[in-house]
Amino acid sequence: MNRRCCNLIEVNRTRVDRGICRIGRVAALAAALAIICTCRPGDAEGAEATSPATISLEGTWRFRLDPEDVGVAQRWFAAQLDDSVRLPGTTDENHKGIKKDEQCIDRLSRVWFWKGPAWYQRRVTIPDSWKGKRITLLLERSKHTRVWVDETFCGGEDTLSAPQFFDVTRAMSPGEHTITVLVDNARLPPVGPSHAVDERTQTNWNGIVGRIELLATAPIWLDDVQVYPSAAKKQAVVRAVVGNITGQPATGTIAVRCESYNCPHPSQLKTQSVQVKATARENAVEFVYEPGEDVPLWDEFQPAMLRLTIELEATADGELFRDVRTVSFGMRDFATSRGQFHINGRPVFLRGKLDCCFFPLTGYPPMDKAGWLRVFSIAKSYGINHYRFHSWCPPKAAFEAADELGVYLQPEIPNKRSGFAAPESREAAHHNIDNIEVESTLKEKSLYEYTEREGDLIFKAFGNHPSFVMFTLGNELGRNEGMFALVARFKRIDPRHLYAQGSNNMHWNPSLAEGDDFWVTAKTARNLPVRGAFAVLDPIIPHIEYRSPSTLVDYSPSIAGIPVPVVAHEIGSFQVSPDFREIPLYKGVVRARNLDIFRQRLADAKMLDQSHDFVRASGALAVLCYREDIEAALRTPHFGGFQLLDLQDFPGQSTALVGILNVFLESKGLITPEAWRRFCCETVPLLRMKKYAWTTDETFIGRVQIAHYGPADLNDAKVAWTVADSAGGAIGGGAFERMTIEQGKIVEVDMFALPLKGLSAPQKLTITLTIEGTQYSNEYPVWVYPPKVETSPPPGVLLAERFDAAATQERLSAGGKVLLLPKLERLPHSVEGAFHPDYWSPMFAEAAKKRGSRMPPGTLGILCDPAAPALAAFPTEFHSNWQWWHLVKNSRPIILDETPANYRPIVQVIDNFARNHKLGLLFETKVGRGAMLVCSIDLWSIQDRPEGRQMLHSLLRYMSSPAFAPQARLDEALLRKLLGGDGA
């Protein structure tokens, strides 16, 4: 038996001695309910279930709101409530409360709103066959609840994560009874605006969702079953708790059988029998189960599951009692070694995304496995193998679906506060710009006490699931001794998971917390990033925006010497322009009033006709940047992985439209899953090159690597490269010697060279890397330019820096042509040039303004017509790509809001939805008898770069051709205002 399992046995003995099994009993019944036949008696109150074990309470309940919070004092549980709702469900779904029909700009808007006490009541008939049995009430997910049976109070519960159980045995004899549940979503635990209760995510709904059932068990029953597998030993420690309320000592046996499923060859495994004694109310039974050497292991590639059936037969005072429990688990070891995650001894790379609990139709997560199979299947089609649940824990159905599909999960305590047995961290509150004060009305519990119990309940309810591999105390917290103590405690009581104090904790002054098994962070020191983009509020210099583009960046310097796996926190966060086509999809409890507002703003700015083009162009740039962020992580040896923000939109916290999918996980049409998986899957060919722009007097040099985290080595693999010209024709290629591509490594393949002499230029080339005979290939764009081009003004074209200069005005008055390249510092009505899309949401611009910091550029890339004559000698798509990097970084897009409504620049810069400027990088107009082309790129400063020379050449060639014939005439006073005339 390995050391972790040995520790487990000793720890669990200690837990029983301390009387913690009460929590285990509660959570264990959740698993029991999953395997017992359920009958639904319909809506008629008092209907009797035909099943001898379970009565479903789904259907119509009586109901009453309690706005004055007087129901308890006035004994409403003893009265018949006068309204009705359907459960499972929420007040929003039942159209109860205040019809607020919000018009929120920073998040989705609720239609119906209720925060406070709400009473739910239902009559039920207990069958005679339940006499003498133990009876429990299950509410799978709710908020702060209190329960009465008739007039007997049966307890309260405040877990936001685990199923709520109430022992109602003493109050339920055979016959009719009234169950009354008080749900108070105003009584929040001390967790701050976690995504479990935040109005900006799933909303702070009131109701009961998931399964609502009564369950009867024998008075001697299996109260909890937890399985602690060791894949290395091919065995599992099974720990059961046998409950006994007969008042008499009992003896008996537990028979164990097991079968594999969700694998190519399901089979029956070994059986065992264990003697038990149950002399107390709670009795621990522990044994080692050995299924055999051929037991299948669980991982992302073969998520083989094991179904353990435990049958209890026990005799007390001459009477025989039986109970059966079925528990599903996976034979897996998820551990760390030398700074990497390992699954069953094999390195694994986490390709993760966040789940911020956005489910707009219901306001709460799916409570059925089918709903989660859809969610995870879509994510896996984009190469995702890992989910982080940002400051919340999903329901059982999510774990079941992840088990079957092979997804590694990181649930969290539903928490965004740091006051664990200490005052709340002022630093954390200051540095987290999304911090909002959420009053805790549960004064009887500290955050430490709440977290301690919440963790216990989560482990008991979901700990057997093999997909549950990581766990933290919440999001972006501070640090104190209480957090060290909690992590240490959780590691002792449940070693099946890896633990950390939080995700991106201490991000303003990062350091690894001693005792953490892994580190989710955006940077490992103030100047050592592990992702490619940050908000302008952060002093760090991220490479996508501030380092000349290449594929050389990795994060090796940032993780050097760190002994645990580092996972890049919330990488990406690249905005995409709002897609207004999705507004009609919001038919549930929330509406996209924010999108309505943004659409009207764009209409007021006279650019609504361009909205879909803005989506396509900004989305193409976002995909480009996401790819670089992902590949930089993949290029880093011994890196733990990344967590995207996000594959889907995050329409809270000032509306962060950062997804290539919308919030419903539907495609925006930006990239196919197949194309995304080229750079985001278990095996990715990588090209290392020093730049994207080359000239025909150079030889292209590329270095080929394979990031391989598949299930096994790829033996006798043949890696090939090809180069295609802009028409798709092959202009070069070759194959490397056959090799073994080792699993869990970034494998060096070789280098190749391609002389560029003789190629037609300018043009875009495409380099493709392929592992022949597999699905794995990747493509890279490269631009090839002439080493020298003509950049002197042709006859009849004046190259000018000032619109108000005498020479400029004379040339235009005489009917001549002017290419205006104004000094950027003399453009009073312009914004800062930027390459990658605005970070996350307008929330960061608002925070920068409040703090007096530099404002972010706020733009979302360019939009142009690739066939525009002005760009005829500058190969481009309709959107930004790497050949535009030096151009836009040395530019100031000009604000053209006062131009005619139908006026469009040749190269337009897309603005964010909070500002909606019409921004021009290249535009033309008639002036007097002449014509002028304005370019707000500082082309003079980048004439040492082929892109800069080529752009200037293309503009001059255009101006010397008949195609240069502007149709629009902008007001000269406006031009003087925009271009720094009249002394501006």
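## A helix tucked inside

In helix α4, the residues Lys396, Ala397, Ala398, Phe399, Ala401, Ala402 and Asp403 are buried, where buried means under 20% relative accessible area, exposed over 50% and partly exposed in between (1.4 Å probe, protein chains only). Helix α4 covers residues 396–405, and because 7 of its 10 residues are buried, the rest of the structure largely encloses it. Helices (H or I, at least four residues) and strands (E, at least two) are DSSP runs, numbered from the N terminus.

What do the buried residues of α4 pack against? Their partners are β9 (134–141), β20 (305–316), α3, β27 and α6 (447–462), with contact meaning heavy atoms within 4.5 Å. After α4 comes Gly406, which has a positive phi, near 80 degrees.

## About the model

This is a predicted model, in which local features need pLDDT of at least 70, side-chain atom pairs count only at pLDDT 80 or more, and totals for chains, interfaces and linings use all residues. Residues are numbered from 1 along each chain as its sequence is written, and side-chain values use heavy atoms, leaving out hydrogens and water.

Now for an open sheet of 6 strands, with parallel pairing and the order β27-β26-β25-β35-β33-β30; two strands pair if DSSP finds at least two bridges between them. The edges belong to β27 (408–410) and β30 (519–521), and each has a single partner strand, so one side of each lacks a neighbour in the sheet.

Strands β25 (residues 350–355) and β26 (residues 386–389) pair in the parallel sense over 4 bridges. Lys353 has Tyr387 in β26 as its bridge partner.
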